Amino acid sequence: MTIGNVIAGRSGEVWRCHADQTVAEAVEVLAKKRIGALPVEDGDAAVAGIFSERDVLYCLQAHGAAALHMKVRDVMTAPAFTVTPQTTVMEALALMTKRRFRHLPVVEGGRMVGFVSIGDLVKHRIDRIEAEAEAM
């Protein structure tokens, strides 16, 4: 099973932020959309980095309230590790486990075509195992 199978049929946009936005602006998107991370755009790169809840915590711990006025580019996790639609779910899960992160941009042809979380991949895997068990 591939990442392409996981993102197939998804509708709606992938929420993102720009590297020049403030941390406060990006946090607002995380909170309003009830998500844990945003891919970060900057220039021609498909994904310049990832801005996550963890980045917010580390930044607040280091800079206090002033962190909210900092630019996303100064606190994001970069460079972003990415996968392609052809990457297997198990390869993506192994990468997430080894590198200790929870979100992966899916890039094809130099542009982002999806964004998956570890929760997405675990759910997909469980659904697949349950379907195979029912088929037996």
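**Figure 1. Serine 117 is buried, with a relative accessible area of 18%.** Buried means under 20% relative accessible area, exposed means over 50%, and partly exposed lies in between (1.4 Å probe, protein chains only). Serine 117 belongs to strand S5. Helices (H or I, at least four residues) and strands (E, at least two) are DSSP runs, numbered from the N terminus. Beyond its neighbours within four places in sequence, serine 117 is in contact with Met96, Arg102 and His103. Contact means heavy atoms within 4.5 Å. The model is predicted: local features need pLDDT of at least 70, side-chain atom pairs count only at pLDDT 80 or more, and totals for chains, interfaces and linings use all residues. Residues are numbered from 1 along each chain as its sequence is written, and side-chain values use heavy atoms, with hydrogens and water left out.

**Figure 2. The whole chain has 5 helices and 5 strands.** Along the sequence, the pattern reads α-β-α-β-β-α-α-β-β-α. The C-alpha atoms fill a box of roughly 60 × 30 × 30 Å, taken along the principal axes. Of the 136 residues, 36% count as buried. Among contacts between residues at least 6 apart in sequence, 55% join residues at least 24 apart.

**Figure 3. Helix H4 (89-99) buries Val89, Ala92, Leu93 and Met96.** Seen down the axis of H4, these buried residues fall within an arc of 100 degrees, so they line one face of the helix. The arc is that of the directions from the helix axis to the C-beta atoms. An α-helix has 3.6 residues a turn, so residues three or four places apart point the same way. The buried residues of H4 pack against helix H1 (3-7), strand S4 (103-108), S5 and helix H5 (118-135). Arginine 100 follows H4 and has a positive phi, near 65 degrees.

Figure 4. Just after H3, glycine 64 takes a positive phi of about 65 degrees.

**Figure 5. The largest nonpolar core has 16 residues.** A nonpolar core is a set of buried Ala, Val, Leu, Ile, Met, Phe, Trp, Tyr and Cys residues joined through side-chain atoms within 4.5 Å. Those with the most contacts inside this core are Cys17, Ala26, Val40, Phe51, Met70, Val72 and Val75. H2, strand S2 (37-41) and H3 each give two or more residues. H2 gives the most, with 3 residues. Leaving aside its neighbours within four places in sequence, valine 75 is in contact with Val23, Phe51, Asp55, Cys59 and Met70. Another core, of 13 residues, lies apart; Ile3, Val89, Ala92 and Val116 are among them. In soluble globular proteins, nonpolar side chains tend to be buried together.

**Figure 6. Proline 79 sits in the loop between H3 and H4.** Its relative accessibility is 64%, so proline 79 counts as exposed. Proline 79 and alanine 26 are 53 residues apart in sequence. Their C-alpha atoms are 18 Å apart in space.

**Figure 7. The largest pocket holds about 420 Å³ of space.** On a 1 Å grid over the protein atoms alone, a pocket is an open set of points where a 1.4 Å probe fits, with protein on both sides within 12 Å along at least five of seven lines; lining residues have an atom within 4 Å of a point. Grid points are joined across faces, edges and corners, and a volume is the space filled by probe spheres set on the points. Of its 17 lining residues, Ser52, Arg54, Arg100, Phe101 and Arg102 are the closest to the centre. H3 provides the largest share, 5 residues. The lining divides into 7 nonpolar, 4 polar and 6 charged residues. Here Ala, Val, Leu, Ile, Met, Phe, Trp, Tyr, Cys and Pro count as nonpolar, Asp, Glu, Lys and Arg as charged, and the others, Gly among them, as polar.
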